[in-house]
Amino acid sequence: MPVAVFFGCAFIAFGPALALFVFTIAREPLRVIILIAGAFFWLLSLLLSSLVWFIAVKASNPENVSLQKGLLIFGAVFSVVLQEVFRFAYYRLLRKANEGLAAISEENLSPISVQQMAYVAGLGFGIMSGAFSMINILSDSLGPGTVGIYGDSQYYFITSAFMTMAMTLLHTFWGVVFFDGCEKRRWWVIAAVAALHLLVSGLSFLNPSYEGSLPPAYVIMVLMAAWAFFSSGGSLQTLTQVWMCESPFLSILLYSGTTPILHKCQGVAILWN
Amino acid sequence: SESGQPSLLLTCLHICPLPGVGCSSVQQKIYVQLNKTFPCVRLLNATHQIGCQSSVSGDTGVLHVLETETDLDWVLSSGPNPPYVVLMVAEHFNRSTMMKLKGSARVAGVAVVISKAGPAQGFSPHHSCPNQNSGVYSDSYGPELAGCNVTVWNPLGNSLSYEDFRFPIFSLHEGEEADVIRKCFLDHNRGVNGSDPAYPLCAMQLASHMYAVKDTATCMRRNDIQSRFSISPEFVCDALADYNVWSSLKPLNNSGKGHLDGESVVIAATRLDSRSFFWNEAPGGESAVGGFVTLLAAAQALRAVVEDHPPSQNILFTFFQGETFDYIGSSRMVYDMENGKFVIDLDNIHSLVEIGQVALHRNGQLWLHSDPVSRRNSSVRSESTALNLSLSVAEPDVSQPLPPSSFQRFLRARPIPGVVLTDHMSAFSNRYYESLYDDAEYLNVSYPSGLSPEEQLEYVTDTAKTLAEVATLVARSLYKQAGGLDDHLSSINADPKIVTQMLYGFLVQSNNSWFRSLVSPDIVKNLGDPVKMPTWLVQYVLANFTGTLRNLTQTQCKNPEDLEGESKDLYSYFWVQGPVPPNSTQGEGYCVRAPVRLVKAHSPAFELHQYSSRDYSTWTESRWKQIQARIFLVASRDLEMLTLGVGVAVLLVSLVVTYFINSKADLLFSSSRETTSTAY
C-alpha cells in the first residue's frame with residue numbers, strides 16, 4: 001500500500017514541525033507572520049543560490065562528471081552561505097520591526113521577545129527547507145514502485161524523511177542560537193552555526209551510505225538542541241525543577257509518600273514566586 | 001536543497017535537461033520505462049468483445065519468468081506474492097497456457113517476448129474457420145459446405161485473438177528491454193536455496209485501459225450520447241474503416257454511378273490487410289502481401305498491351321481493405337454496387353478472378369477454387385491452364401467450398417462466375433496465418449549478408465521470381481478472360497525486378513529510394529519500416545504502374561479541370577517526387593495521371609445504423625488514453641506498515657513533548673530573563 005509510505009514519511013518529516021506549529025505558533029498571529037516571512041526569506045536565499053548554480057551548470061560541459069560534481073558541491077556551499085546571510089538579514093529586519101512594535105504598543109514594550117522571534121524565524125526556515133526537500137519525494141512515494149531498481153537503497157523514502165526532520169529541527173535551533181549570538185555580539189557563534197550547517201550539508205554528500213550521514217546529523221541536532229536550550233534561558237536547574245516537580249513523576253512520588261523531595265520543590269517554588 | 005541526494009541531481013542533469021517539464025529525478029530512480037512494446041487492444045462486434053483490458057492506471061504484478069511447468073504452478077497456485085505478471089517466450093504463448101492464465105485471479109498481466117522465427121509447429125491466433133459467418137455459405141446456400149464441414153481452412157488456428165482477457169497482454173521483441181527485464185527478475189525475484197524470494201521484488205506495470213465495453217451497439221450508443229450531450233465529446237470506440245483501391249485497364253467515368261450500359265468487366269480482386277494478436281503489428285506476408293504484390297505486378301504487365309491491343313472487355317483491379325474482419329471492404333463495394341453508388345454495378349460484372357495466398361506454392365503447383373453451388377459451365381476453368389510457364393494450375397478434386405475470400409461477398413449478391421487462385425489445395429499452407437510470424441523470413445525473402453539497403457532493394461530473390469511467374473500467369477489469364485487474343489499473350493510478362501522491389505518495400509523497409517520516388521514529397525516522411533497501413537502506398541504504386549506522365553506543373557496537377565486532354569472524371573492526378581538525382585536530396589516532381597481511385601471501405605452496418613447486423617461486418621476498435629509498460633521494485637507490505645507506524649509514533653511523541661514543553665515554557669526558559677523584554 002503505497003499510501004502508507006506516503007503518510008508515514010510525511011508524518012516523520014513534518015510531525016515535529018506540525019506539533020511545534022500547532023502548539024506554539026498557531027494561536028499568535030504575530031508569530032504566524034514572522035514564521036511565514038521567515039519561510040519566505042529562506043525561499044529567497046534558495047532562489048538566488050539555485051540561480052547561481054543553474055547558470056554555472058549551463059555554462060559548463062554536461063559530459064564532464066567530475067566537473068558537475070564539483071559544481072554541485074560549490075552550489076551546496078554557496079547555498080549554505082547564502083542561507084546564513086539571509087538569516088542575518090532577517091535578524092536585522094526583525095530587530096527593526098521589534099522597535100516599531102514596541103513603539104506602537106501601549107506599554108512601550110514589544111509583545112514578543114527576541115528569543116521568541118529567533119525560535120519562530122528558525123522554525124520558518126526549517127519548515128520551508130523541509131518542504132523543498134521532501135514534497136517531491138512524497139509525491140513519488142504514492143506510485144506503486146519503490147526506489148531500488150538501479151541499485152539504490154530501498155530505504156530511500158524513510159531516510160529522506162528522517163533527514164528532513166533533522167534539518168527542520170536544526171534550522172530551528174540554529175535560528176535561536178544565531179539570533180542570540182547577534183544580540184550578544186558574539187561573532188564566533190555565527191561562524192559556528194555556519195560551520196555546523198556546512199558540516200551537515202557536507203554529510204549529505206556521503207549518501208547513500210546512510211550510516212555516514214544520518215547518525216552524525218542527529219548527534220549534531222541533539223547538541224544544537226542543548227545549545228539552543230541554554231542560550232534561550234534554560235538551565236539544568238529549571239530542567240530538574242520541571243522534570244521533578246511539575247511532572248506526573250511528582251504525583252507518583254506524592255502518592256508514595258516521599259516528602260523530602262516535595263519540600264525541596266516547594267522551597268524552590270517559594271523562591272521563584 | 002542540501003538534504004537531497006547529490007547523485008539525484010546528477011541523474012537529473014543527464015536525463016532531465018529541461019527542469020520542470022514533467023521530469024522528476026526521483027521517478028528516474030524508481031521506474032524503467034519500456035518503450036518498444038505492443039499492446040493487445042479491445043475490439044468489439046455485434047455480439048462480443050475480444051482482446052485485453054487493464055485497470056485505469058495499469059495492472060501491477062510481481063514479475064515471473066515462465067520457462068517450465070513449475071513456473072506455471074508457481075504463478076497459478078504456489079507463489080507467495082500474487083498477483084504476478086508473467087513474462088513468457090513465444091513458445092509458451094499457446095492456447096492451453098493462456099487459457100490457464102485467463103482463468104486465474106492471480107495473474108495481473110502477461111508480457112510475451114517475440115523471437116524472430118515462430119514456433120516450428122506453426123502458430124495462428126485466428127479462427128480455424130476464418131470469416132465463417134460472413135461468407136456465402138449458410139443454411140440457405142450450400143449448408144453442407146458451411147462452417148468448414150468439408151475443409152478446415154486454418155487447422156492450426158487456436159482462436160486466441162478472439163478471446164476476451166481481463167488483464168493486459170503486451171509483446172516486446174528480443175533485445176535490450178527484454179534483457180533488462182530478465183536481469184531484474186534474476187537479481188531480485190529468485191529465492192536463495194529454494195526459499196521464498198525476499199522483498200524488494202521486481203514488478204511490472206502494464207497499462208492499456210480500453211474505454212469500450214460489451215459490444216458495438218453499446219459503444220455506438222455511448223458515442224451518440226457523448227456527441228449529443230457533451231461539449232467536448234469523448235467517443236469510446238471507432239468503426240474499423242479504411243479505403244479500397246481500384247483501378248481499371250480502360251478508364252471509367254467516375255461521375256457516372258450505377259449501371260454502365262454496354263460495359264462488361266472482369267474483376268481482379270485481392271486483399272490488402274492482415275492482423276495479429278497485437279495492435280498495429282500485422283506483417284501479413286503470405287496472407288496479404290504476396291497476393292497484392294502479384295496483382296500489382298500483373299497490372300504492370302498488362303500495360304504492355306493496353307495501348308495497342310486492348311482486350312474487348314475492361315479489367316477492374318480491386319484491392320480490398322478490412323477483409324480480415326468479416327469482409328469490410330468487399331461487402332462495402334458490393335453494397336455500393338447494389339445501390340448504384342459505384343461506377344458499375346453487379347450486372348456489369350462478367351467474371352471475377354481473385355488472388356488468394358499464393359506465395360508459398362510447392363513445386364510450382366497452384367490451385368483454382370470455385371464455388372460448387374453456383375458453378376457454371378463457364379470458360380473460366382479452361383483458360384487458366386498453364387501458358388508456357390513453369391507453373392501448373394489445377395482444381396481441387398473434391399467438391400470443396402471456396403476458401404475465405406472476397407469473392408464470397410459477391411456471390412452473396414449475384415451468382416457471378418469466378419475463381420480464387422491459391423497455393424493450397426485444401427487447408428492453408430500458411431502455418432502462421434494472421435500472426436506476427438507471417439513476415440519476410442517466412443516467405444524466404446532473404447538477402448545475402450553484406451548488402452547495403454539499396455543493393456537489397458535491387459537484388460532479385462527466388463521468391464520474387466516465383467511470384468513474378470504467378471503474376472505473369474494472372475495477367476495472361478485476365479487478358480484472355482477479358483477477350484484478348486492469344487497472339488499477344490507472349491508480350492505480357494511480369495518483371496521480377498519490380499516484384500522484388502515491392503517485396504522489399506512492403507516486407508522489409510518501406511523507406512527506400514524506389515518508394516520515395518513514387519510518392520508525393522510531403523508523404524515521404526510517413527515511410528518507415530514496414531509500413532502499417534499500405535493503402536495509400538498501394539495507390540501510388542498502382543498509379544505508377546498504370547498511369548502516364550503528364551507535362552504539368554504542380555498547381556496544374558492539382559487542378560487539371562480546364563486543361564485540354566485532362567479529365568478528373570476519368571483519371572486521378574498525383575504529384576510525385578520522382579527519382580532523386582545523385583547530387584541532391586529531393587526529386588524534381590512530376591505529375592502522374594492514372595485511373596486509380598480510392599473508395600471508402602466502411603461497413604454498411606454503420607451507414608444503416610444496424611449495429612447488431614448479422615449481414616455486415618460490425619467490427620469496432622475501442623479508444624484508449626494511455627498505453628505504457630514499466631518495471632520497478634516493490635517494497636514489502638511490512639516495511640510500508642512499519643513506515644506508517646513510525647510516522648504516527650513520531651507525530652504522537654512530538655505532539656506530546658511539544659505540549660508538555662510549551663505548558664512549562666515560562667519555567668524552563670526563565671533563568672536569564674531580562675526585564676526589558678517580556679514574555680508570557
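## Salt bridges and the A–B interface

B:Arg593 comes out as buried, at 12% relative accessibility; here buried means under 20% relative accessible area, exposed means over 50%, and partly exposed is what lies in between (1.4 Å probe, protein chains only). This is a predicted model, where local features need pLDDT of at least 70 and side-chain atom pairs count only at pLDDT 80 or more, while totals for chains, interfaces and linings use all residues. As for bookkeeping, residues are numbered from 1 along each chain as its sequence is written, chains are lettered from A and ligands numbered from 1 in the order in which they are written, and side-chain values use heavy atoms, with hydrogens and water left out.

Back to that arginine. B:Arg593 pairs with B:Glu566 in a salt bridge, with 3.5 Å between the closest N and O atoms. B:Arg593 sits in strand β21 (residues 590–594) of chain B and B:Glu566 in the loop between α16 (554–558) and β20 (572–576), so the pair ties together parts 27 residues apart in sequence. B:Glu566 is buried too, at 10% relative accessible area. A salt bridge here is a side-chain nitrogen of Lys or Arg within 4 Å of a carboxyl oxygen of Asp or Glu, and helices (H or I, at least four residues) and strands (E, at least two) are DSSP runs, numbered from the N terminus.

By that rule there are 24 salt bridges over all chains. Here are some of them:

| Salt bridge | N to O distance |
|---|---|
| A:Asp180 and A:Lys184 | 2.8 Å |
| B:Asp224 and B:Arg228 | 2.8 Å |
| B:Lys29 and A:Asp152 | 3.3 Å |
| B:Arg593 and B:Glu566 | 3.5 Å |

In the chain A pair, A:Asp180 is buried at 13%, while A:Lys184 is partly exposed at 40%. B:Asp224 and B:Arg228 are four residues apart in helix α6 (residues 216–229) of chain B, which means about one helical turn separates them. B:Asp224 is partly exposed at 36%, whereas B:Arg228 is exposed at 58%. Chain B also has a network of salt bridges linking B:Arg95, B:Lys102 and B:Glu163.

Now for the interface. Counting contact as heavy atoms within 4.5 Å, 76 residues of chain A touch 61 residues of chain B. The two chains bury about 5800 Å² between them, 67% of it on carbon and sulfur atoms; that is the accessible area (1.4 Å probe) the two parts lose on being put together, summed over both. A:Phe23, A:Pro144 and A:Ile149 supply 11% of what chain A buries against chain B, more than any other three residues.

The rule finds one salt bridge across this interface, and B:Lys29 and A:Asp152 are its partners. On the chain A side, the elements giving two or more residues include α1 (2–25), α2 (29–58) and α3 (65–104). α1(A) gives the most, with 15 residues. By class, this side has 41 nonpolar, 29 polar and six charged residues; Ala, Val, Leu, Ile, Met, Phe, Trp, Tyr, Cys and Pro count as nonpolar, Asp, Glu, Lys and Arg as charged, and the others, Gly among them, as polar.

Finally, an unreviewed UniProt entry lists "transmembrane region" stretches in chain A, including residues 32–56 and 218–236. Such annotations may be inferred rather than shown by experiment. In the model, residues 32–56 are 100% helix and 0% strand, with the end C-alpha atoms 36 Å apart. Residues 218–236 are 79% helix and 0% strand, with the end C-alpha atoms 22 Å apart.
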